[in-house]
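These are my notebook entries on one protein chain. I record what I looked up and the criteria I applied.

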Amino acid sequence: MAARSQRAGVAAALLAGALLALGQAAEGPAAAVPHRRFEYKYSFKGPHLVQADGTVPFWVHTGNAIPSADQIRITTSLKSQRGSVWTKTKSIFEYWEVEVTFRVTGRGRIGADGLAIWYTEEQGLEGPVFGAADQWNGVGIFFDSFDNDGKKNNPGVIVVGNNGKLLYDHQNDGSTQALASCQRDFRNKPYPVRVKITYYQKTLTVLINNGFTPDKEDYEFCAKVEEMVLPSQGYFGISAATGGLADDHDVLSFLTFQLTEPGKEVPIPDAEIPQKDKEKYQEEFEHFQQELDKKKEEFQKEHPDVQGQPADDLFETVSDRELRQIFEGQNRIHLEIKQLNRQLDMILDEQRRYVSLVTDEIAKRGAGLPGQQGQVSQQEIETVVKTQEEVVRQVNEIRNSVADTLRLISGAQHPGSAAGVYETTQHFNDIKEHLHVVKRDIEHLVQRNMPSSEKSKCPELPPFPSCLSTMHFFIFVAVQTVLFISYIMYRSQQEAAAKKFF
């Protein structure tokens, strides 16, 4: 019994020691969080990304790359394009982290060739590896769109290292040289794709945000390479290329951060900038400020009516324009339904007046006929009145349905897209066209099928066509209108359900 308790005590002690060791191992990485500092000389981000001469500060672009105010289009969606952007100076820090935001969009189901993010000892301004030079010394993170080897593992992300002597294996999509990889589809996403690449203590980690959510921090693990030795100083770059197939490769931002190990002295920001450069930048800033003040004064002289208003209020943003288009579309739908409601009211009033005239006419004819003919006329009156009352009831139901639809659209809190507005407007135009077609077809059908001897028996009322054609017309109008309004409401429910789903 004592031996058993002794063994239990030894086991408990071993278990406690193991748990303590695991706890210390778990606390180690958490405690070793590096200091993170933004490096503006190795970064770019819109708006106002380019200068007046079309260049990006601290960066150089080559090939088919096109900088703009909000982004850099590395390649356009044309065949056989190559482009790249690189930092002008080498980094002076050992460990780093970059956050890259980009879009890869194309009209085809398959795109090509892809995009690459670089950290190399020398600038690979142009070459065959996604628009950059081969035999680089450093690392490349490749976003490969096209499946060259036919293994159906593209689009994918591949990490390839090189010591300056290897040639990239295009035929196998770099699979024979990949240090790590993951399969991710980064083409044609609703939001920009974001990539976070961290090199710290000889470990390279790649996290990716697939672009399905607006949450910028929704990263997931993609790849990790341990014991990776990179040059202590190097150039950052991003390149892209197209082939027989083509995509637009747009880079929205490239943010670089210096990572410093805990316990080490954090470098002073001003110590990295020489005094001559500081004076040059200050002089450029003052010159720019003076030019801006001159332009403001000239604008105020040319436009005295807008003095005191913020300059941003004079321009319409993309979101403001989309919101205005949505409201304009809703107003158009509102007016169309109101017009349809007025037309139904007119039809209802005309139908009531016509019922009254027909009833009076048949009553007059029945009063002038004796006996049996009077009874037959009374039956005809009852039949016509019941039929017309049914038509009036159906028209009232249609009017109520249109009124309900009008209230729903007037009180909508979540406006639809411009495409939905256009489709709804087209539905109302189709209703109008079908009403005219139905009326014309029914008139031709009645005129063709009625015997010639019976055509003159209908009461002659100059403002109206034959009573038979009018009755059939309104029945078909009621049926067609109910069907079209039901279809419109069904489509609206489907679109609302789709919006909730996405």
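I take a polar contact to be a pair of N or O atoms within 3.5 Å; within protein, one must be able to donate a hydrogen and the other to accept it, and residues adjacent in sequence count only if both atoms are side-chain atoms. The model is predicted, with local features needing pLDDT of at least 70, side-chain atom pairs counting only at pLDDT 80 or more, and totals for chains, interfaces and linings using all residues. Residues are numbered from 1 along each chain as its sequence is written, and side-chain values use heavy atoms, without hydrogens and water.

Entry: Arg-184.
I looked up the side chain of Arg-184 and found a polar contact with the side chain of Glu-220 at 2.8 Å. The Arg-184 side chain also reaches the backbone oxygen of Phe-221, at 3.1 Å. I placed Arg-184 in the loop between β11 (178-182) and β12 (193-200); strands are DSSP runs of E, at least two residues, and helices are runs of H or I, at least four, numbered from the N terminus. With neighbours within four places in sequence left aside, the contacts of Arg-184 (heavy atoms within 4.5 Å) include Pro-155, Val-157, Ile-208 and Asn-210.

Entry: the open sheet.
I traced seven strands in the order β3-β6-β15-β8-β9-β10-β11, with antiparallel pairing; two strands pair if DSSP finds at least two bridges between them. β3 (59-63) and β11 are at the edges with a single partner strand each, so one side of each has no neighbour in the sheet. From one strand to the next, the twist averages 15°, using axes fitted to C-alpha atoms and angles from 0 to 180 degrees between N-to-C directions. Five bridges join β3 to β6 (residues 82-87) in the antiparallel sense, and Gly-63 stands opposite Gly-83 in β6.

Entry: Gly-263.
Is Gly-263 buried or exposed? I noted Gly-263 as exposed because its relative accessibility is 87%; the cut-offs are under 20% for buried, over 50% for exposed and partly exposed in between (1.4 Å probe, protein chains only). Gly-263 sits in the loop between β16 (248-260) and α2 (275-302). From Gly-263 to His-35 I noted 228 residues in sequence and 9.5 Å in space, C-alpha to C-alpha.

Entry: whole chain.
I counted six helices and 16 strands in the protein chain. Of its 502 residues, 36% count as buried. Among contacts between residues at least 6 apart in sequence, 70% join residues at least 24 apart.
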